[in-house]
Amino acid sequence: MTTTLYDIESSEADDGTTVPAECLWAPSSEDAADNGFVDYRGLYVAGIGAPNGDDVYPGAFILLGHHRWADIIEAAAAFMDRVHGWRNLHLYPGDDPSVLIPRIPRAVLTHGVFLRHPHPDHPCDCEWEGTWRVVWAPSTEPGAIPITAMRHPHPAPRRPPPASPTLTKARLLTWAA
């Protein structure tokens with residue numbers, strides 16, 4: 001299945017028909033927490049896209065809903081503390097703390113469509129079972145929900161980072177206050 005903005009992954013059933021392998025998903029409260037979001041004072045935050053491609057540490061953070069810049073900074077720090085055991089957003093373990101990182105993280109208010117694998121009608125028991133991805137979308141896209149997104153302030157990686165709302169859909173964004 002294809003829309004103008006994103007592809008919904010599909011697979012082939014035993015009888016040869018093509019079936020969707022993922023579905024639209026709207027993470028909320030307990031469902032979001034069960035799928036990798038951290039609840040910080042009622043805000044649901046998740047880390048996405050590792051800056052070096054190894055997926056150990058996040059390259060960006062997303063919060064469900066639109067929030068102030070200070071709130072997403074606090075929530076991202078809480079995510080790093082709970083998931084990785086440290087509160088400093090500017091350093092990864094092993095980084096030299098004397099090296100100044102001149103980038104200030106910027107939060108944007110945008111919208112996204114969440115796609116969850118597998119499709120509930122077509123479970124596949126593959127390695128992607130229970131995973132999700134977000135596709136940046138205009139607020140008018142069916143299934144789009146409000147998101148606050150922020151790139152991790154770590155220095156730029158050697159290879160390009162995953163698609164970011166600040167790079168791909170600038171016309172859809174508003175900077176968080």
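Is Asp71 buried, exposed or partly exposed? I looked up its relative accessibility, which is 22%, so Asp71 counts as partly exposed. For this term I used the following cut-offs: buried is under 20% relative accessible area, exposed is over 50%, and partly exposed lies in between (1.4 Å probe, protein chains only).

**Entry 1: basis.** I note that this is a predicted model, in which local features need pLDDT of at least 70 and side-chain atom pairs count only at pLDDT 80 or more, while totals for chains, interfaces and linings use all residues. Residues are numbered from 1 along each chain as its sequence is written, and side-chain values use heavy atoms, with hydrogens and water left out.

**Entry 2: confidence.** I looked up pLDDT, the predictor's confidence in each residue, from 0 to 100. The protein chain has a mean of 76, and 69% of its residues reach 70 or more. I then turned to the elements, where helices (H or I, at least four residues) and strands (E, at least two) are DSSP runs numbered from the N terminus. Where pLDDT is low, the predicted coordinates should not be read in detail.

**Entry 3: salt bridges.** I searched the whole structure for salt bridges (a side-chain nitrogen of Lys or Arg within 4 Å of a carboxyl oxygen of Asp or Glu) and found three.

- Glu22 and Arg133 meet at 2.5 Å, N to O. Glu22 lies in the loop between strand 2 (18-20) and strand 3 (23-25) and Arg133 in strand 8 (residues 131-136), so the pair ties together parts that are 111 residues apart in sequence. Glu22 is buried at 4% relative accessibility, whereas Arg133 is partly exposed at 30%.
- Arg41 pairs with Glu74, their closest N and O atoms being 3.0 Å apart. Arg41 is in the loop between strand 4 and strand 5 (43-48) and Glu74 in helix 2 (residues 69-84), 33 residues apart. Arg41 is exposed at 66%; Glu74 is partly exposed at 31%.
- Arg68 and Asp71 meet at 3.3 Å, N to O.

**Entry 4: His111.** I located His111 in strand 7 (residues 107-117). At 17% relative accessibility, His111 counts as buried. Leaving aside neighbours within four places in sequence, its contacts include His66, Val135, Trp136 and Ile147.

Note on methods: Contact = heavy atoms within 4.5 Å.
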